[in-house]
Amino acid sequence: MNKHVFPILVTLAFAFLQVHAGAEIRLSVADENEQLSVNPRKAGWTKVSTGNQKGQTIAVNKSGTIKGVVLLVADVEAAGELTISLFSANGDRPEDDAIFSGSAQLPGGLKGEASLRVDIDPPLKLTKGSYALVLSSKNSNLRFRLNSANGYPGGRAIRKNSSSKGEWTGAAGSGSDLVFRLLGDIEANSVSDSAEMMPRSERAPIKLIQHENPEFTPLPFAKIRRQPNIVTVMVDDLGWNQIGVTQTTMGTHPKIYRTPNLAKLAAGGLSFTHAYAQPNCAPTRAAMLSGQYPARIHNDVYVVGNLNRHGRGGISREKSKFLGPKQTEDVAAAAITVAEALKQNGYATAHIGKYHVGGHGGDETLPENVGFDINIGGFTQGHQPVCFASKNGDGWEFRKLGRGHFDRFAAPYTEEYLTKHGFPNSLLGTPKHVSDALSDAMEETIGKFATGKKPFYLQLHPYAVHGPVRSRPDLKTATGDELAGFVASIDLIIGRLQKLLKATGTTDNTLILFTSDNGGTHKDNLPLRGKKGMLTEGGVRVPLIAYWPGVIPANTVTDHLVHTVDYYPTYLKLAGDRWTPPTKKHPLDGESFADVLLNPNLERNREPIFYLFPGYMDSRAQPTVVAIDEIEGQRYKLLYFYEADAWQLYNLSDDIGEKTDLIKTHTSVAAPLSRKIRAWLSQQHPTWKPKYPLHKATGEPAGPPPLL
Ligand SMILES: [Ca+2]
């Protein structure tokens with residue numbers, strides 16, 4: 001489907017309404033971020049035949065403007081002209097003459113369902129009141145999607161056709177709405193719940209490849225060499241299946257992702273199909289560093305920035321029932337970080353690349369002050385302003401990337417460099433890419449550590465693939481795609497890491513963990529639903545590969561539940577638990593998965609993975625509590641939405657795309673899980689202070705969700 005803007009034909013039949021005379025409409029296919037979708041189980045269709053009219057009533061509570069509307073349509077190939085009009089409304093009935101009316105020709109040849117964007121230019125200024133948006137079309141069988149789940153409580157779908165005897169009446173049940181979203185500062189939307197968002201392509205059939213583990217003899221824990229070196233590679237914004245590794249993606253990855261070094265890592269190690277992170281950069285990094293959920297006072301990082309990020313298609317500050325509480329952006333200096341704990345266990349420590357959870361409130365939370373012997377690039381910022389080095393006077397620099405730490409790796413590619421790493425000659429003399437500079441920093445750091453006596457812990461946190469998405473030119477050419485080329489630069493880091501470990505004789509006593517900080521955001525995460533920032537699987541499920549030859553059985557896969565908070569206790573276990581943080585001061589919320597690394601076939605019960613999100617983030621997130629748990633061999637996800645005071649339940653074992661809400665039929669699963677959520681939120685510890693959405697009227701916290 002193309003994104004052309006189609007020529008318009010304006011109907012000025014109502015031009016006597018001076019205020020909007022001259023307004024025009026333009027029709028186009030909505031871009032990726034604006035596409036609408038609705039759970040098919042809660043959806044229907046309404047056809048607008050020639051001579052009939054369909055519409056939607058809308059309540060405008062405060063003066064503002066409408067710049068247009070997005071609608072979900074189908075059978076576009078049969079459509080001729082579309083006319084959109086806006087009336088004042090009395091109940092289900094449009095009144096008087098249209099305030100605005102515009103027509104345009106729909107494009108021929110479009111197949112299937114499409115989010116149609118209608119721009120109104122200039123925008124319509126509306127005062128408080130009830131309105132009706134009315135659709136008609138000529139020579140057409142145009143169909144519009146209905147949300148039968150009362151997605152927009154402020155109005156409903158209406159119709160005027162032969163069966164209504166030419167009178168206006170409600171359409172298709174009192175709870176039905178057209179699937180729509182207004183554009184402009186008047187917010188009305190029949191699919192406002194982010195969990196309802198589901199691109200149409202997600203409904204394609206899914207085939208998941210189930211890997212069969214080869215035979216292996218697991219090593220008993222007592223037999224393994226303690227205190228391995230540990231390298232955590234945490235990529236930024238890399239989606240669950242945006243790598244070319246079948247073991248991890250269950251075969252769902254698009255073929256543009258070519259990552260041969262990661263494929264080798266998986267072939268020699270263990271892939272996790274169900275690894276979870278927080279839905280955003282900073283919260284995941286805070287969870288990893290502290291080993292704690294955000295509800296702990298020394299974590300307290302629930303989201304990037306603040307918990308009242310309204311707008312951009314999300315519920316407005318005016319309409320929301322709650323306020324997001326205040327949070328912090330740094331892991332507190334009082335926390336005992338994983339680096340500090342590993343230092344207590346005799347490790348040398350380093351952080352390279354994106355940090356994001358220190359320095360907002362002072363230098364005491366920067367990596368060098370919270371347990372890292374070496375810090376290259378770790379700073380407050382959450383993304384790289386540039387992906388390539390640029391000239392600065394006589395030298396080269398990565399402009400505004402952290403605090404200049406990477407500038408000593410910023411010189412353009414030399415012949416020697418290209419030969420050493422097997423990179424193409426076409427790069428000779430061109431500016432250095434940020435992923436290569438990260439590898440250079442890694443080589444320098446591991447080179448230092450390998451000659452020392454201590455085991456080392458290295459957080460290698462690439463800036464890729466956070467936006468701006470800029471690939472090294474040869475990698476873009478090789479993959480045919482800017483993002484896939486950017487992902488390929490990550491794969492080169494892994495290739496260089498493995499080569500370096502071999503060269504320094506440290507392969508056999510080094511554990512590599514490769515993962516991401518949240519779901520993908522630049523392209524879809526199909527078959528997972530949603531993207532970065534959401535609590536749907538597309539937002540929180542991430543790739544995870546563990547590699548430690550001779551200890552972790554090769555070419556194995558596990559579906560054990562793992563969350564970012566688990567890394568810290570796992571590392572402590574492997575370090576020998578010589579020193580662990582006092583539980584009174586710094587309890588850990590995760591569970592070690594060291595036993596799974598040794599035996600991926602192990603039967604194991606982890607407590608549920610929990611999420612508490614008490615605020616707002618544009619169209620992606622509203623106050624929500626989530627639990628993911630294993631019940632009688634099936635994996636379930638239970639969600640509570642504060643705004644709607646409503647629950648959803650999905651069976652992730654047979655519904656990876658979270659399409660079928662089971663809340664009405666599976667009470668025996670949901671009820672005990674709601675009690676586990678209550679127990680989790682109500683646990684007693686001086687450091688456990690979960691923050692809830694705040695009632696607007698009283699400022700009082702809403703507290704835990706009710707019991708089912
Ligand atoms: Ca991220």
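What share of the contacts in the protein chain with a separation of 6 or more comes from residues 24 or more positions apart? The share is 73%, where a contact means two C-beta atoms, placed from the backbone, within 7 Å. Here are my notes for a first look.

1. Ground rules. This is a predicted model, so keep in mind that local features need pLDDT of at least 70, that side-chain atom pairs count only at pLDDT 80 or more, and that totals for chains, interfaces and linings use all residues. Residues are numbered from 1 along each chain as its sequence is written.

2. Overall build. The C-alpha trace of the protein chain spans about 85 × 60 × 50 Å along its principal axes. Its radius of gyration is 27 Å, which agrees with the value near 27 Å for a compact globule of 708 residues; that radius is taken over C-alpha atoms, and the globule rule is 2.2 Å times the number of residues to the power 0.38. You'll find twelve helices and 33 strands, counted as DSSP runs numbered from the N terminus (helices are H or I, at least four residues; strands are E, at least two).

3. Burial. Of the 708 residues in the protein chain, 54% are buried. A residue is called buried if 20 or more other C-beta atoms lie within 10 Å of its own, exposed if 12 or fewer, and partly exposed in between, with C-beta atoms placed from the backbone.

4. The cores. The largest nonpolar core has 140 residues, and Val487 and Ala546 touch the most other members. A core here is a set of buried Ala, Val, Leu, Ile, Met, Phe, Trp, Tyr and Cys residues joined through C-beta atoms within 7 Å. Helix α8 (residues 482-503) gives the most to this core, namely eleven residues. A second, separate core has 53 residues, including Leu82, Ala157, Ala171 and Ala188. As background, nonpolar side chains tend to be buried together in soluble globular proteins.

5. More on α8. The helix has 22 residues and reaches 32 Å from its first C-alpha to its last, close to the 32 Å expected at 1.5 Å a residue; the expected span is 1.5 Å times one less than the number of residues. After α8 comes Gly505, with a positive phi near 65 degrees. Leaving out residues up to four places away in sequence, Val487 touches Leu238, Gln242, Ile243, Tyr257, Thr259 and Val465.

6. Cis peptides. Val465 is in the loop between β23 (456-461) and α7 (473-479). Another cis bond links Gly467 and Pro468, with omega about 5 degrees, and Pro468 also belongs to the loop between β23 and α7.

7. Helix α10 (residues 567-574). Seven of its eight residues are buried, so this helix is largely enclosed by the rest of the structure. The buried ones are Tyr567, Tyr568, Pro569, Thr570, Tyr571, Leu572 and Leu574. Their cover includes β15 (229-235), α3, α4 (338-344), β24 (510-516) and α11 (594-598). Just after α10, Gly576 has a positive phi of about 100 degrees.

8. Ala282. Look for this residue in helix α3 (residues 281-290). Ala282 is buried, with 27 other C-beta atoms within 10 Å. It touches Val301, Val304, Glu329, His356, Val357 and Gly382, not counting residues up to four places away in sequence. Ala282 and Glu329 are 47 residues apart along the chain, yet their C-alpha atoms are separated by 7.6 Å.

9. Domains. The protein chain is divided into domain 1 (8-203) and domain 2 (293-330 + 604-708), with bounds from an automatic or database domain assignment. Their contact takes ten residues from domain 1 and 17 residues from domain 2. On the domain 1 side there are one nonpolar, three polar and six charged residues. In this scheme Ala, Val, Leu, Ile, Met, Phe, Trp, Tyr, Cys and Pro count as nonpolar, Asp, Glu, Lys and Arg as charged, and the others, Gly among them, as polar.

10. Arg312 is not a glycine but has a positive phi of about 50 degrees. This residue is in the loop between β17 (308-309) and β18 (322-323) and is exposed, with 10 other C-beta atoms within 10 Å. Asp618, also not a glycine, has a positive phi of about 35 degrees. Asp618 lies in the loop between β29 (616-617) and β30 (624-631) and counts as partly exposed, with 15 C-beta neighbours inside 10 Å.
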